[in-house]
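Me: I'm new to this one. Can you walk me through it in short steps?

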Amino acid sequence: MSHGGGGHAAELFPENQVLGIGLVLSLIGMYIANFLPEYAMLIGGALTVPACVAGANTTRRVAAYGLGTGVPSIGMVSLGMGTLSALAAVYLPVAMGIDSMATPIIAVVVSLAIGAIVGKLTQNPVGMKVPIIVSSMIKLSLMGALSILGFCTAFAGGFSANVFIPGAIETGMIGLAFIAAGIAILHPFNACLGPNESHRRTMYLAIACGLLAWLVFAISKLDAISTVISAVLWVATYAMFVKMSLNDASDVLYTPELPKKEE
Amino acid sequence: MDISSIILPLVEITLAGAIINASVHFVPVGGAPAAMATSTGVGTGTTQLAAGAGFTGLLAAAGMAAQPGIIISNPVHALLIMLSGAVGAMIMLGLTMLIGQLIYVYGVGIVPAADKCDVDPITKDPQSAFITPGTTGHGIPTVCFVSGLIGAALGGIGGGMAYVGLLGLGFTIPAIAGVLAVGFFFMNAVLASYNIGGTIEGFHDPKFKKMPNGVIASTVSSLVAALILIGMSMGL
C-alpha cells in the first residue's frame with residue numbers, strides 16, 4: 001500500500017477522538033461567536049482550528065491509501081462539499097422557518113448527507129478501491145463545512161442569514177475561507193508524506209496551518225488581539241514543527257556557497 | 001415559486017454536473033511524470049487543471065451575465081452566457097497547454113509524442129517512433145491539445161450552465177452564485193479525477209472508456225446538490 005512510499009505509520013491519536021474534539025470545539029466556537037460578536041474572532045476563530053486539524057487528520061488517513069490523484073484533490077472535494085453544506089445551513093433555516101440557532105446543526109446534518117452520498121458514488125460507479133472512502137468522505141465533508149462556517153461566522157460575528165450574508169459572503173470572505181481552510185486540511189499530509197512520516201509531526205503542521213488560517217482571518221478583520229495571539233501560537237507551533245523535522249531527518253546538510261573563482 | 005421555475009434549474013444544475021464530469025475526461029493530465037516530461041499531458045493534477053479552466057469559464061460566464069440587457073430567462077441569452085464560459089475556459093487551458101508545450105519543446109528538448117496511439121488520430125503522424133524508451137510519451141501532441149480544448153469548452157459550458165441555473169433559482173448576488181458554483185464545480189471535477197485515477201491523455205486514451213461511470217456519479221451527486229440548492233432558494 002503506497003503511503004506516498006512509506007506504509008501506514010503508527011497512529012498516535014485515535015481518529016474518532018480527534019474528530020470528536022474538532023466537532024465539539026468548533027460548534028462551541030460558532031455559538032460563542034454568535035452570542036458574543038465582540039469576541040467572535042478571538043474565540044470563534046481559535047475554536048475553528050481544531051476542525052481544520054481533524055480534517056487534516058482524516059486526510060492523512062485516507063490519502064495514505066494512495067488515491068492516484070494527489071492529496072490536494074481530497075482537500076478540494078472536502079471544501080467543495082463543505083461550501084455547499086455551510087451555505088445550505090445559512091439559507092435553509094430561513095426557508096423552513098426555523099430559528100437561526102439551528103444553523104450549525106443543519107451544517108452538520110447536510111454535510112453528513114452529502115458526504116455519504118458522494119462517498120458511496122466514489123465507491124460504486126467510480127470504483128475507488130479504498131476501504132475507508134465512505135466514512136472518510138463523510139468526515140471530510142463535515143470538517144470542511146465546519147471550518148468554512150466557523151471562520152466565516154468568526155469574521156461576520158454571527159451565523160444568522162442577515163449577519164452572515166453581508167458579513168462573510170458579499171465581502172468575499174467565504175472565498176478566503178475556502179482556500180485558507182482548504183490549505184489547512186490538505187497541506188499537512190501533502191507536505192509530510194513519504195518514508196518516515198510521523199503522525200505527531202503531521203499533526204503539528206496541521207495545528208500550525210490551522211493557526212495560520214486563523215491569523216489570516218484575524219488580520220482581515222483588523223482584530224489586534226486575535227492577530228497577536230494567533231501569530232505567537234503559529235510561530236511557536238511552526239518552530240516546533242521545524243525542530244521535529246530536523247530531529248527526524250537522518251542528517252541536515254547546508255549547501256555551501258559556490259566559490260567565486262577556482263582555487 | 002411555481003413548479004416550472006424549479007424544474008428548469010434542477011435540470012440545468014444536474015446536467016451541468018454531468019457535463020463538468022465529462023469535460024474533465026478530455027483534459028490531458030500527466031501529473032508529476034509529465035512535469036519531468038516522462039508522460040504525455042500537462043504536469044499537474046486533474047483537479048487543479050479542470051478547476052483552473054472551470055473557474056476562468058465561470059468568471060467569463062459571470063461577466064457576460066452581468067452585462068446590461070442580459071435576461072436569464074431568455075434562452076438565447078442563457079446560451080450566450082454558457083458560450084462565453086466555454087470561450088473563457090478554452091483560452092485558459094489553451095494558453096496553459098501552449099506555454100507548457102513551449103517549455104517541453106524548447107526548454108526540456110523533447111518531441112511531443114502520444115503513447116496511447118500509434119498514429120495521431122488528427123494529424124496521422126506516427127507517434128511510437130518518437131517515444132523515448134522508458135517513458136509513456138511526452139509533451140502535448142496535437143490530439144491531446146485538441147482534446148484539451150474540447151474538454152475546456154465543455155467545462156466552461158457546464159460551469160456557465162450551473163451559474164445560469166443558480167441565477168434562475170434566485171441567487172442573484174453574484175458572490176453567492178459564484179461561491180456555490182465553485183463548490184459544485186470542485187465536487188464534480190474531483191469525482192471525475194477519481195474515475196480517471198491519475199493520468200489521461202484525452203479522448204484516445206483507453207481510460208476514456210470509463211467516462212460513463214463518472215458521469216453517472218456526477219449526475220446523482222449533482223441532483224442531490226440541486227435539491228439542496230432548491231431548498232435553500234425557498235428562503236431567499
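Me: Is His204(B) buried or exposed?
Reply: His204(B) is buried, because its relative accessible area is 14%. Buried means under 20% relative accessible area, exposed means over 50%, and partly exposed is in between (1.4 Å probe, protein chains only). Keep in mind that this is a predicted model: local features need pLDDT of at least 70, side-chain atom pairs count only at pLDDT 80 or more, and totals for chains, interfaces and linings use all residues. Residues are numbered from 1 along each chain as its sequence is written, chains are lettered from A and ligands numbered from 1 in the order in which they are written, and side-chain values use heavy atoms, with hydrogens and water left out.

Me: Where is His204(B) found?
Reply: In the loop between H6 and H7 of chain B. Helices here are DSSP runs (H or I, at least four residues), as are strands (E, at least two), numbered from the N terminus.

Me: What is His204(B) in contact with?
Reply: Leaving aside neighbours within four places in sequence, His204(B) is in contact with Ala114(B), Lys116(B), Cys117(B), Pro121(B), Val143(B) and Cys144(B). Contact means heavy atoms within 4.5 Å.

Me: Which side chain does His204(B) join in a polar contact?
Reply: That of Glu201(B), at 2.8 Å. A polar contact is a pair of N or O atoms within 3.5 Å; within protein, one must be able to donate a hydrogen and the other to accept it, and residues adjacent in sequence count only if both atoms are side-chain atoms.

Me: New topic. How many salt bridges over all chains?
Reply: Six. A salt bridge is a side-chain nitrogen of Lys or Arg within 4 Å of a carboxyl oxygen of Asp or Glu.

Me: Which residues are linked in a network of salt bridges?
Reply: Glu11(A), Glu15(A), Arg61(A) and Lys139(A). The side chains of Arg61(A) and Glu15(A) meet at 2.9 Å, N to O. That pair links distant parts of the chain, with Arg61(A) in helix H2 (residues 40-63) and Glu15(A) in helix H1 (residues 15-35), 46 residues apart. Lys139(A) also forms a salt bridge with Glu15(A), at 3.0 Å, N to O. Lys139(A) lies in helix H5 (residues 133-156) of chain A and Glu15(A) in helix H1, so this pair ties together parts 124 residues apart in sequence.

Me: And how do they sit, buried or exposed?
Reply: Glu15(A) counts as buried, at 6% relative accessibility. Lys139(A) is buried too, with a relative accessible area of 15%. Arg61(A) is partly exposed, at 25%.

Me: Now the interface. How many residues of chain B are in contact with chain A?
Reply: 34 residues of chain B are in contact with 33 of chain A. The two chains bury about 2,800 Å² between them, 83% of it on carbon and sulfur atoms. Buried area is the accessible area (1.4 Å probe) that two parts lose on being put together, summed over both.

Me: Which three residues supply more than any other three?
Reply: Met187(B), Tyr194(B) and Met232(B), with 24% of the area that chain B buries against chain A.

Me: How many salt bridges and polar contacts across it?
Reply: The rule finds zero salt bridges. It finds two residue pairs in polar contact, both at pLDDT 80 or more.

Me: Which elements of chain B give two or more residues to that side?
Reply: Helices H3 (46-65), H6 (174-196) and H7 (211-233) of chain B. The largest share, 13 residues, comes from H6(B).
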